[in-house]
Structure formats: structure tokens, C-alpha cells
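Please open the model in a viewer and keep the selection panel at hand.

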Amino acid sequence: MQISKDIRSHYERIGGEEKIRALVQRFYQLMDELPEAYGVRKMHPPSLKGAEGKLFKFLSGWMGGPQLFVQEYGHPMLRQRHMPFTISRKERDEWLLCMGQAIDDVVVDDEQLRNELKVAFIKVADFMRNQSEPD
Ligand code: HEM
């Protein structure tokens, strides 16, 4: 049974720029701290500030807000931009571990939004895999 569908953008529902900044900050903090995420952490440069700024700009547009990433860097071509990195299930899952936890920590008052965001991130992170692996 469909109860009700919130038709506002994820950008609006999460709470706009401030909340997306908080999400991205928490995400990279977790990547920096969780031993289980060490594999993806070491793919990144020592400072995560550059990645943090870019992911914030990307997510602003991806969630239906201002297209900050596109305005500054052009078409995201996200999969192509990740080609220099080896991304298999392991890296995907480490990335998603941090994002899932960041969502739980930052999107505290809206379970439906938490679930929708997790489903959406699982899809986009899976799309970033670039290694062929047996099923
Ligand atoms: C699936 C596992 C993923 C891994 C291992 C990964 C890894 C990386 C790495 C190592 C960088 C370079 C950071 C730097 O040079 O500072 C990067 C950049 C970036 N990632 Fe990911 N990423 C993953 C998934 C994602 C997903 C799902 C998104 C979006 C929802 C995303 C968005 C970005 C963006 C916007 C950049 C900046 C691109 C640029 O302009 O260079 N990544 N990623």
C-alpha cells in the first residue's frame, strides 16, 4: 500500500546546502576513521578537502538543487572520472559503508528519506565499479 509520496526534491527534504555539507563532512570523516574503509581512504590524497568540496557540489545538483558541479567542471561523467581508480565490490562496499553511516548520523528525523538516499547511493556506487568480477 502506497501511503504517501513526498514529491519535493531530496535537496529540499534533506535541508538544503547546510545539510549536504554536513553529510559530506561526516562521510569523509568516517572514511578517515573507520578501519574497514582503509582501502578507499588510501586511494584518496592525504587531504580529503578537495574531494569534500567536489562531492558537495556534485550532490547539490544530484539531489535536485543548484548544479554547482556542472557549473564549475562541466558534465560530471562520474564513471569516467573514476576510471583511474580500481573500483571493485570491495571499494564500492567500503564507500557505501561510510555513506550509509553518514546518512544515519545526519538525516536523523526522516526515515523515508534515509531509505531513499541509501537506495539511490547503492545504485550510483554500483555503477562506478570498473573491474570484472565473478558473480
Ligand atoms: C564506489 C566507490 C567509490 C570510490 C572508491 C571513489 C573514489 C574516488 C576517488 C579516489 C576520487 C578522487 C579524489 C581526489 O582526487 O581528491 C573520487 C572523486 C570523486 N568522487 Fe568518488 N568514489 C566512489 C564512488 C563515488 C560516488 C558513488 C559518487 C557520487 C555519488 C562519487 C563522487 C565523486 C566526485 C564528484 C569526485 C570528484 C571528481 C573529480 O572532479 O575529479 N564517488 N572518488
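Helices in this tour are DSSP runs of H or I with at least four residues, numbered from the N terminus. The model is a predicted one.

**The ligand shell**

Select the ligand first, together with the residues around it. The shell comprises 21 residues, and the closest are Ala 51, Lys 54, Phe 58, Trp 95 and Ala 125. Colour this shell by helix: helix 4, helix 6 (78–81), helix 7 and helix 8 (111–127) each contribute at least two residues. Which helix gives the largest share of the shell around the ligand? That share belongs to helix 4, with five residues.

**The whole chain**

Now display the protein chain as a cartoon. Eight helices and zero strands are present, and the order of elements from the N terminus is α-α-α-α-α-α-α-α. The radius of gyration is 15 Å, close to the 14 Å that the globule rule gives for 135 residues, so the chain is as compact as a globular protein of that length. Along the principal axes, the C-alpha atoms fill a box of roughly 40 × 35 × 25 Å. Of the 135 residues, 19% count as buried. If contacts between residues at least 6 apart in sequence are drawn, 71% of them join residues at least 24 apart.

**The nonpolar core**

Next, select Leu 23, Val 24, Phe 27, Cys 98, Met 99, Ala 102 and Ile 103, the residues with the most contacts inside the largest nonpolar core, which has 20 residues. Helix 2 (16–33), helix 4 (49–62) and helix 7 (89–106) are the elements that give two or more residues to this core. Helix 7 provides the largest share, six residues.

Centre the view on Cys 98. Which residues does Cys 98 touch, not counting those up to four places away in sequence? The partners are Phe 27, Leu 30, Met 31, Leu 34 and Ala 37.

Finally, select Pro 45, which lies in the loop between helix 3 (38–41) and helix 4. Is Pro 45 buried or exposed? A residue counts as exposed if 12 or fewer other C-beta atoms lie within 10 Å of its own; Pro 45 has 8 and is therefore exposed.

Definitions and conventions
Residues numbered from 1 in each chain as written. Predicted model: local features only at pLDDT ≥ 70, side-chain atom pairs only at ≥ 80, totals over all residues. Core = buried A, V, L, I, M, F, W, Y, C linked by C-beta atoms within 7 Å. Contact = placed C-beta atoms within 7 Å. Near = placed C-beta within 6 Å. Rg over C-alpha atoms; globule rule 2.2 N^0.38 Å.
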